[in-house]
Amino acid sequence: MPTINPSKSYITEYEGIDVSVGFENYEEIKKYLGIAPEKEFEYDIALIDVDSIETFEKFYIKTCEKNYFVTSFDLYSLKKGLEILNGILEPINLTKILFSKDILKEDDEYLNFLSLGKKVIWNENYRVYFPIDNGDESVIIENQRVAKIGIRKLSSQYKESLYYIVEDILAGEINSRRNS
């Protein structure tokens, strides 16, 4: 959960999902939860919002099973994302999640151009586009205002994009359950 210099670290439950705020690394979260350092988390999935190369390194993102590069094409978002890519020292596989008003091949090509020479290996077979239109944007703002996750009012394209990401994240889990 992104915060601006939180005064304390804590974990809260939000609609059945544990959300941690203000932790620097996994070890701090384990300590907070009373889990011995050598023990594993009991979570099936952890979503980590990385906004700096320091966070990338402290949470060992390069060792994660799946990694996504989420950006819109505003200057601030691209700059922050490229700062992280510039700091990556070993090749890493990333899947693009792009927020864009129009789904344009040129947006994808522009990101490829900006990331030339970086240690990123883009998943060329799979990328997810989220439309940025006034309808979805107002639903997102309303969700933030009421502190709820409301999906019904989002556009069908936005919901499909969410579905594809969840399907990708859970693909290994779904396949292992089918085989057992």
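1. In this predicted model, helix 3, which covers residues 75-87, lies across strand 3, strand 4 and strand 5, and its direction runs at about 155° to that of strand 3. Helix 4, made of residues 105-114, also packs on the sheet, where it touches strand 3, strand 4 and strand 5, while its direction makes about 140° with that of strand 4.

2. The sheet on which helix 4 packs deserves a description of its own. It is an open sheet of 3 strands, arranged in the order 3-4-5, and the pairing between them is parallel. Strand 3 (68-72) and strand 5 (120-131) stand at the edges and have a single partner strand each, so one side of each is left without a neighbour in the sheet. On average, and with direction ignored, neighbouring strands of this sheet are turned by 25° against each other.

3. Which strand is joined to strand 4 by 8 bridges? The partner is strand 5, which runs parallel to strand 4 (residues 92-100).

4. A separate point concerns the surface, where Y10, Y32, L33 and Y43 together make a nonpolar patch of about 370 Å². Of these residues, Y43 is placed in the loop between helix 1 (26-33) and helix 2 (53-58).

Definitions and conventions. Residues are numbered from 1 along each chain as its sequence is written. This is a predicted model: local features need pLDDT of at least 70, side-chain atom pairs count only at pLDDT 80 or more; totals for chains, interfaces and linings use all residues. Side-chain values use heavy atoms; hydrogens and water are left out. Patches are made of residues with over 30% relative accessible area and no salt bridge: like charges are joined within 9 Å, nonpolar side chains (Val, Leu, Ile, Met, Phe, Trp, Tyr) within 5 Å. Accessible areas come from the Shrake-Rupley method with a 1.4 Å probe; for residues, only the protein chains shown count as cover. A salt bridge is a side-chain nitrogen of Lys or Arg within 4 Å of a carboxyl oxygen of Asp or Glu. Helices (H or I, at least four residues) and strands (E, at least two) are DSSP runs, numbered from the N terminus. Two strands pair if DSSP finds at least two bridges between them. Axes are lines fitted to C-alpha atoms, for helices over the stretch in contact, and angles run from 0 to 180 degrees between N-to-C directions. Contact means heavy atoms within 4.5 Å.
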